[in-house]
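Have the viewer open as you read.

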Amino acid sequence: MSMTLAPLSGITFGERLESVITGQALAAPSVRIDKNANVYNCGYRSDHVYLVRAGRIKTVMYSKGGKECLLSIHPAGDLFGELCVLGGPRAETAIAMVPSVLQSMAMDVFHAALRREGLVEDFVRHMAMRLAEQQQVISDLVTVDSEQRLGSTLLSLGRKLGKREASTLRIDEKITQEELAGMVGTTRSRVGHFLKRFREAGIVEVRQGCFLRIDEQRLMAYLDARI
């Protein structure tokens with residue numbers, strides 16, 4: 001059964017962390033990353049976590065044949081690279097989708113700030129939500145078809161990256177059909193076919209100046225009807 005997780009209410013962990021950095025309670029130097037440049041590579045050993053201050057970062061994994069699987073997209077205010085807490089090499093590659101500014105935090109400094117600022121519980125909750133999101137992705141790959149997975153992915157992206165306008169979610173950032181295919185686990189041509197069907201049903205529309213406008217209620221009704 002597919003279930004799109006609702007966004008967290010209130011202030012996110014990333015926003016709390018950003019306020020700590022702004023208040024200079026956490027040493028986190030700024031790093032500028034060019035478009036398409038790698039922040040780190042799969043197999044690379046690093047003990048740093050990153051907060052996106054501006055721009056957009058994607059994390060991906062690659063098959064032996066070089067096929068890309070897009071794991072997640074991190075907008076401004078989002079944290080990534082947290083799995084370095086487990087030690088060992090990176091399991092994924094992080095790439096800037098647009099020119100980006102990051103705050104880089106060494107894990108020992110990050111841990112000390114969490115304890116000092118009373119953010120340990122917030123971090124645990126943040127990681128639990130990330131785990132729930134990944135479990136849902138795995139479940140969807142097994143239990144629902146690719147058209148429904150695309151619908152769930154668009155709803156999640158709209159809530160994470162989009163701007164709310166009445167009953168619609170407007171995504172301004174360009175996300176290619178190839179990238180959507182990598183998130184959904186299908187081909188680019190199938191994504192194009194499903195997007196055409198969504199447009200015809202009034203679920204999504206493409207307007208000048210934005211990538212997609214999503215009718216949240218219609219998309220939720222579509223997903224509920226296919227459970």
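Two salt bridges run between domain 1 and domain 2, a salt bridge being a side-chain nitrogen of Lys or Arg within 4 Å of a carboxyl oxygen of Asp or Glu. Before going further, a word on ground rules: this is a predicted model, so local features need pLDDT of at least 70 and side-chain atom pairs count only at pLDDT 80 or more, while totals for chains, interfaces and linings use all residues. Residues are numbered from 1 along each chain as its sequence is written, and side-chain values use heavy atoms, with hydrogens and water left out.

**Where the domains meet**

Domain 1 covers 13-138 and domain 2 covers 145-225, with bounds that come from an automatic or database domain assignment. Their centres, taken over C-alpha atoms, are 25 Å apart. Twelve residues from domain 1 and nine residues from domain 2 make the contact, which means heavy atoms within 4.5 Å.

About 870 Å² is buried between the two domains, and carbon and sulfur atoms give 59% of that. Buried area here is the accessible area (1.4 Å probe) that two parts lose on being put together, summed over both. On the domain 1 side, R56, L70 and I73 supply 53% of the area buried against domain 2, more than any other three residues.

There are also five residue pairs in polar contact between the domains, both residues at pLDDT 80 or more. A polar contact is a pair of N or O atoms within 3.5 Å; within protein, one must be able to donate a hydrogen and the other to accept it, and residues adjacent in sequence count only if both atoms are side-chain atoms. Strands β4 (56-62) and β5 (68-75) each supply at least two residues of the domain 1 side, and β5 gives the most, with eight residues. Helices (H or I, at least four residues) and strands (E, at least two) are DSSP runs, numbered from the N terminus.

**Charged pairs**

Over the whole structure, a search finds 17 salt bridges. Here are four of them.

| Pair | N to O distance |
|---|---|
| K160 and D78 | 3.2 Å |
| E117 and R116 | 3.5 Å |
| E216 and R159 | 3.0 Å |
| R164 and E216 | 2.5 Å |

E216 shows up with two partners, R159 and R164. R164 lies in strand β9 and E216 in helix α7, so that pair ties together parts that are 52 residues apart in sequence. E216 is buried at 6% relative accessible area, and R159 is buried at 19%; the cut-offs are under 20% for buried, over 50% for exposed and partly exposed in between (1.4 Å probe, protein chains only). Separately, K163, E165, R170, D172 and R213 are linked in a network of salt bridges.

**A covered helix and some positive phi values**

Which residues of α5 are buried? They are E179, L180, A181, G182, M183 and V184, six of the eight residues in this helix (177-184). Those buried residues pack against β4, β5, α3 (120-143), α4 (146-161) and α6 (188-200).

Most residues other than glycine have a negative phi. N36 has a positive one, near 70°, in the loop between β1 (30-33) and β2 (38-40), and N36 is exposed at 57% relative accessibility. A166, also not a glycine, has a positive phi of about 55°. A166 sits in the loop between β9 (163-165) and β10 (168-171) and is exposed, at 76%.
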